[in-house]
Amino acid sequence: MTYYLLDHPNPNCIDRGDGRYHGYMVMQAQPVLITVHTTESFADLIAPDTGAEAVANYFATTSTPASYHTIVDSDSTVRCLPAGLDGTICHTAFHCWNRNTANLGISFAMRATEWPTVDQAWATKALNRAADEVALWCRRWDIPARLVGVGEADAGMAGISGHGILQPEDRTDPGAATVFAPSLFPWDRFIGMVLERLDGGEDKDKDMPALLCNIDGSIYGCFADGIWRMLGGAEFTHWSAKGVDQVAYTKDEWATLRGWGRVA
Ligand SMILES: [Zn+2]
């Protein structure tokens, strides 16, 4: 698993000795809150959707101290800073004024006002990606998939909130609102999508590989635990239909890039 802001040092960011990115290498308290954002850039509706990548690149170049743990768009999930998955140390991102400790940030690469007008297939894909990520965070840190208001957050209640909820004085993302209802962001639907994943059962997507890799004709998937596993044809068809990115290597290239040691 790679993290964009660790892989792309920001020349305009002060060097704190642990890399050049807007954030801290160690979060000082265990995450209890997940804050949902929109990036306030326009959704990229023309394939390939590079909205999330563009925002990640912005964070890797700007001198403004800002970052999220993860950004999603319709066809990608860009992890910017580690949130404790895959054995990583949970980093602090700078996404919520005065509330970045114990708080994980996820953002949709779009404007809050676009929810009613954006292509609904685009929205569904992006929501699914965010729900996948948030469910992993909930499971990792034992955060319940429930909405948490500013007073509850102040009282230390664990759950999911929005930037405009926590910082109403100058933010309205992700729903162009400072309350959960009315809001342009589909809070109930989103929480439902996260719960679906946490409940397991029907949900096959919780084991979605991050990448499909064709190595001399054999298909491997890279899973959240960092292990590569050979996939059967039906699995490959399922995940490629879900839009999981694919790369192809020869065995020699692969051995050079990753080594065979981690392939299960
Ligand atoms: Zn925000």
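Strand S2 (residues 33-38) runs parallel to S6 and pairs with it over 6 bridges, where strands are DSSP runs of E of at least two residues, numbered from the N terminus, and two strands count as paired if DSSP finds at least two bridges between them. This is a predicted model, in which local features need pLDDT of at least 70 and side-chain atom pairs count only at pLDDT 80 or more, while totals for chains, interfaces and linings use all residues. Residues are numbered from 1 along each chain as its sequence is written.

**Pairing around S6**

**Burial of S6**
- Because 6 of the 6 residues of strand S6 (residues 103-108) are buried, the strand is largely enclosed by the rest of the structure; a residue is buried if 20 or more other C-beta atoms, placed from the backbone, lie within 10 Å of its own.
- Asn103, Gly105 and Ser107 point one way from S6, whereas Leu104, Ile106 and Phe108 point the other way, and all are buried.

**The sheet as a whole**
- An open sheet of 5 strands has the order S4-S3-S6-S2-S7, with mixed pairing.
- Strand S4 (77-79) and strand S7 (159-162) stand at the edges with a single partner strand each, so one side of each is left without a neighbour in the sheet.

**Domains**
- By an automatic or database domain assignment, the protein is divided into domain 1 (4-198) and domain 2 (211-263), whose C-alpha centres lie 27 Å apart.

How values were computed: A residue is buried if 20 or more other C-beta atoms lie within 10 Å of its own, exposed if 12 or fewer, and partly exposed in between; C-beta atoms are placed from the backbone. Helices (H or I, at least four residues) and strands (E, at least two) are DSSP runs, numbered from the N terminus.
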